[in-house]
Amino acid sequence: MELANTLSQDGESRGGVLAHLERLETQVSRSRKKMEEPQSAQAEESALGTRIHELRRLRDKLRAEVKQHQASVKASTTNVEPDQTLEITEQESLKRKWENVKAILQAYRFTGISGKLTSRGVCVCISTAFEGNLLDSYFVDLVMRKPLQIHHHSIPVFIPLEEISAKYLQTNIQHFLFTLCEYLNAYSGRKYQADRLQSDFEAFLAGPLQRNSLCNLLSFTYKAEPEGQSFPFCARLLYKDLTTTLPTDVTVTYQGTDALSTTQEEQRAAHENLFFTKPLHQVFTSFARKGDKLDMSLVS
Amino acid sequence: MDSQLVEARALEAEITALRRACVEPPAPGEDTSRVRKSFRETYQADSEGWELSKDLRSHLGHLESEIQFLSTLTGISIRHYSKKTEDLTSTEMTEKSIKKVLQRHRLSGNCHMITFQLEFQLLEIQNEESLSSVITDLSIIMEPTEYSELSEFVSRAEERRDLFMFFRSLHFFVEWCEYRKRTFKRFKEKYPEAVHLSEGASSSCMGIRNPSRPGFELVIVWRIQIDEEGKVLPKLDLLTKVPLQALELDKNGVIETAPLSFRTLLGVLGIEATLESLIKSLHTEASN
């Protein structure tokens with residue numbers, strides 16, 4: 001199967017994709033050449049013009065033959081009225097096909113990787129999402145050449161694009177794209193969590209959320225109950241693995257000078273565990289819910 | 001010029017159709033209508049309709065090559081796609097210039113030997129400042145279901161409504177499966193008597209034995225797992241099958257620690273070199 005070849009390790013994926021690009025490039029350059037080189041364009045044009053002339057003659061000759069053929073057929077058979085409603089004209093079937101093909105092209109964006117052919121090669125668009133929320137898209141413009149080059153891109157500077165392309169771009173384009181996908185989706189997810197914390201749970205934060213551009217180091221002081229008597233805890237989340245949206249290191253410490261009581265220590269440890277296992281904004285959603293429960297108990 | 005090329009191609013197509021019409025033997029009914037149809041087609045060349053299909057045909061060709069290219073680039077072939085849109089904007093929302101639309105998408109295709117069918121709902125809410133798109137439902141059907149590792153992964157993807165993670169992990173999973181298949185096949189070809197694949201090349205186990213020493217067998221189990229975050233990782237284990245007498249002679253407990261040593265070796269030499277060294281060790285030991 002053609003597709004299987006793209007996964008072999010010795011540069012065949014490059015061959016498959018590159019070969020394809022080459023074919024397309026020659027197609028495109030053939031039609032573009034005329035605009036760039038008027039001299040040879042003229043010669044080509046006249047050659048093409050002659051060919052068209054010949055084709056027209058052949059077509060007219062065949063038309064006459066078919067007419068004759070049809071006349072003899074008409075004479076020998078009874079009149080059959082064509083059922084026009086059953087026939088699909090060539091135009092209609094073409095249009096249907098075109099719509100179907102266009103739809104499939106659009107559908108590719110749902111795989112996370114989509115692209116458009118360019119005169120140079122291809123512009124790949126990588127989409128990101130977190131918890132079903134569609135987030136930013138990024139693009140990488142590839143130039144079809146040996147070696148494959150990145151013409152320009154919208155990948156943020158703190159994503160290790162050079163590292164990833166050094167490893168995979170030349171040998172396995174699919175791996176390159178999907179790895180880039182991993183990093184970008186993880187970054188988008190971490191950013192989403194940090195943004196949600198800042199916007200939705202401002203009341204719980206006792207100070208600004210400190211974050212770096214890669215959103216893999218977050219530091220903040222919070223209260224599990226915004227108006228309650230709970231103590232402020234200081235949390236530090238580190239996401240060492242840039243392809244994940246959950247932290248690898250979590251430290252929750254107590255801000256004050258007094259020692260923690262047993263319940264407070266239990267709370268602190270429980271919070272640490274929560275930050276490890278749940279997305280950041282969901283942790284605070286559960287804090288908010290607990291708060292609601294407490295209010296309910298006061299009322300009843 | 002472009003239009004000349006298109007015209008030339010259209011003429012060629014017409015000529016082919018006309019040739020076919022000439023060759024067909026006269027027969028009642030169907031064939032006359034077919035001939036008449038191609039006749040109609042030929043006269044369409046001089047009407048507006050012909051211009052439209054000329055453009056469509058060339059554009060269609062270009063789009064089809066784009067799809068073929070995307071399929072090669074991503075390793076994912078989409079065969080069918082349909083979408084239904086439902087406008088959920090209430091009059092209240094329209095007054096505040098908020099638009100709410102629910103899209104139902106259906107997508108099917110394959111990634112190598114795995115075919116998938118997806119249905120998902122996308123809720124788009126547009127207000128003055130921004131557009132939010134959220135996947136509110138996702139259902140995935142996959143075949144073949146012999147890869148048991150995938151069913152758990154599929155339910156997790158559905159739960160999280162993480163469409164992109166699904167495709168990403170699917171790609172890496174397939175890549176690992178292909179690599180495992182290639183590696184096993186290579187060893188089987190290189191050491192046909194020593195290597196034994198119980199379920200053929202797609203099996204997850206490779207047995208190493210020496211025909212001159214029956215009773216001894218090393219089985220390498222190579223599983224491909226997808227973790228909570230959708231990361232695809234290979235997991236290799238070594239099982240030893242050794243006759244009781246040999247076990248009694250094994251003072252240093254080499255066989256007991258074999259699985260652990262295997263893991264260490266994997267870390268140092270990598271998968272292929274480790275497997276090859278195991279095969280060679282069983283081979284040479286027996287021939288001594």
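Author: A salt bridge here is a side-chain nitrogen of Lys or Arg within 4 Å of a carboxyl oxygen of Asp or Glu. This is a predicted model, in which local features need pLDDT of at least 70, side-chain atom pairs count only at pLDDT 80 or more, and totals for chains, interfaces and linings use all residues. Residues are numbered from 1 along each chain as its sequence is written, chains are lettered from A and ligands numbered from 1 in the order in which they are written, and side-chain values use heavy atoms, with hydrogens and water left out.

Reader: Which residues of chain B form the salt bridge with 3.7 Å from N to O?
Author: Between domain 1 and domain 2 of chain B the count is 1 salt bridge. At 3.7 Å, N to O, the side chains that meet in a salt bridge are those of B:R160 and B:E228.

Reader: What are the bounds of the two domains of chain B?
Author: Domain bounds come from an automatic or database domain assignment. The C-alpha centres of the two domains of chain B are separated by 37 Å. Their bounds are 76–89 + 97–174 for domain 1 and 175–283 for domain 2.

Reader: What area is buried between domain 1 and domain 2 of chain B?
Author: Buried area is the accessible area (1.4 Å probe) that two parts lose on being put together, summed over both. Carbon and sulfur atoms give 51% of the area between these domains of chain B. The total is about 1200 Å².

Reader: How many residue pairs are in polar contact across that interface of chain B?
Author: A polar contact is a pair of N or O atoms within 3.5 Å; within protein, one must be able to donate a hydrogen and the other to accept it, and residues adjacent in sequence count only if both atoms are side-chain atoms. With both residues at pLDDT 80 or more, the number of pairs between domain 1 and domain 2 of chain B is 12.

Reader: Which element gives the most to the side of domain 1 of chain B that touches domain 2 of chain B?
Author: Helices (H or I, at least four residues) and strands (E, at least two) are DSSP runs, numbered from the N terminus. The elements giving two or more residues to this side of domain 1 of chain B are α5 (148–160) and α6 of chain B. The most, 6 residues, comes from α6(B).

Reader: Which residue in the turn between β7(B) and β8(B) has a positive phi?
Author: Strand β7 (residues 213–226) of chain B runs antiparallel to β8(B), joined by 10 bridges. One of the bridge pairs is B:I226 with B:V232. The hairpin leaves 5 residues between the strands, and the residue with a positive phi of about 90 degrees is B:G230.

Reader: Which three residues supply 45% of the area that domain 1 of chain A buries against domain 2 of chain A?
Author: Chain A is divided into domain 1 (110–188) and domain 2 (190–296). These domains of chain A bury about 1200 Å², 62% of it on carbon and sulfur atoms. The three residues that supply more of domain 1's share than any other three are A:F130, A:A186 and A:Y187.

Reader: How many salt bridges lie across the interface of domain 1 and domain 2 of chain A?
Author: The polar contacts across this interface of chain A number 8 residue pairs, both residues at pLDDT 80 or more. For salt bridges between these domains of chain A, the rule finds 0.

Reader: Where is the cis peptide bond that has omega near 5 degrees?
Author: Most residues other than glycine have a negative phi, and most peptide bonds are trans. A:P147 lies in the loop between β3 (133–143) and β4 (149–153) of chain A. The cis bond runs from A:K146 to A:P147.

Conventions:
Two strands pair if DSSP finds at least two bridges between them.
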